[in-house]
Amino acid sequence: LPSTPPEFELADLSMDLVSRLESPRSRELELRTSFKSASAQFKGDLAGNYYPLTGMEESVRQQLVDDHFLFMSGDRNLTVAGMERDWPEGRGIFHNKDKTFLVWVNEEDQLRIISMQKGGDVLGVFKRLAEVLRLLEKSVKKEKWQSIHAR
């Protein structure tokens, strides 16, 4: 197995914000809206909540920090690359109720999908990740975007 998980990217939503002609903010908002729609379809152990960074309640923010789930602004490399424009607009985090599956929306990648749990059930972690990817791909195709692909 590779030492780092594959990163998945929506084929028609390049994160190269510097070279984009259209508004980066509009693309981030489009992705956030589409992900929120897709995540509303998650059922069973995948069901959870999406938390936008903009307007996040302090108690929610603190809990996400305590869980080591929340990403923060201020990464020098992201700033130099122009990827923190309009921070925190269009960014958020989703996690299921068991906190074994989370998605960062518009952090460094469009979607950073993480499946994890304590113990050694690697197959369970992989099955959860595969199911999430299947559901997201279905939603992306419904939204008429090209596809999700590993890079």
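Helices (H or I, at least four residues) and strands (E, at least two) are DSSP runs, numbered from the N terminus. By this definition, the chain contains 4 helices and 6 strands. The elements follow one another from the N terminus in the order β-α-β-α-α-β-β-β-α-β. The model is a predicted one, in which local features need pLDDT of at least 70 and side-chain atom pairs count only at pLDDT 80 or more, while totals for chains, interfaces and linings use all residues. Residues are numbered from 1 along each chain as its sequence is written, and side-chain values use heavy atoms, with hydrogens and water left out.

The chain has 151 residues, and 42% of them are buried. Here buried means under 20% relative accessible area, exposed means over 50%, and partly exposed lies in between (1.4 Å probe, protein chains only). Among contacts (heavy atoms within 4.5 Å) with a separation of 6 or more, 60% are between residues 24 or more positions apart.

An open sheet is formed by 4 strands in the order 2-3-4-5, with antiparallel pairing. Two strands pair if DSSP finds at least two bridges between them. Strand 2 (48-52) and strand 5 (111-115) are the edge strands, each of which pairs on one side only. From one strand to the next, the twist averages 10°. Strand 3 (residues 92-96) and strand 4 (residues 101-105) run antiparallel and are joined by 4 bridges. Within this pairing, isoleucine 93 has tryptophan 104 of strand 4 as its bridge partner. Helix 4 (residues 122-142) packs on the sheet, where it touches strand 4 and strand 5, and its direction makes about 150° with that of strand 5. For such angles, axes are lines fitted to C-alpha atoms, for helices over the stretch in contact, and values run from 0 to 180 degrees between N-to-C directions.

Nonpolar side chains were then examined. In soluble globular proteins, nonpolar side chains tend to be buried together. A nonpolar core is a set of buried Ala, Val, Leu, Ile, Met, Phe, Trp, Tyr and Cys residues joined through side-chain atoms within 4.5 Å. The largest such core has 16 residues, of which Phe35, Phe42, Phe101, Val103, Leu111, Ile113 and Leu136 touch the most other members. At least two residues of this core come from each of helix 1 (24-39), strand 4, strand 5 and helix 4. Helix 4 gives the largest share, 4 residues.

Charged side chains form 4 salt bridges in the structure. A salt bridge is a side-chain nitrogen of Lys or Arg within 4 Å of a carboxyl oxygen of Asp or Glu. One of them joins lysine 99 to aspartate 67, with an N to O distance of 2.5 Å. This pair links distant parts of the chain, 32 residues apart: lysine 99 is in the loop between strand 3 and strand 4, and aspartate 67 is in the loop between helix 2 (58-66) and helix 3 (76-80). Lysine 99 counts as partly exposed because its relative accessibility is 27%, and aspartate 67, at 22%, is also partly exposed. Another salt bridge is formed by aspartate 98 and lysine 97, whose closest N and O atoms are 3.5 Å apart. Aspartate 98 is partly exposed at 45%, whereas lysine 97 counts as exposed at 65%. In helix 4, glutamate 131 and arginine 134 lie 3 residues apart, about one turn of the helix. Their closest N and O atoms are 2.8 Å apart in a salt bridge. Glutamate 131 is partly exposed at 29%, as is arginine 134 at 43%.

Two loop residues are buried. Threonine 100, in the loop between strand 3 and strand 4, has a relative accessible area of 14% and is therefore buried. Beyond residues up to four places away in sequence, threonine 100 touches Ile114, Ser115, Met116, Gln117 and Arg128. Aspartate 109 lies in the loop between strand 4 and strand 5 and is buried, with a relative accessible area of 6%. The C-alpha atom of aspartate 109 is separated by 9.7 Å from that of methionine 83, 26 residues apart along the chain.
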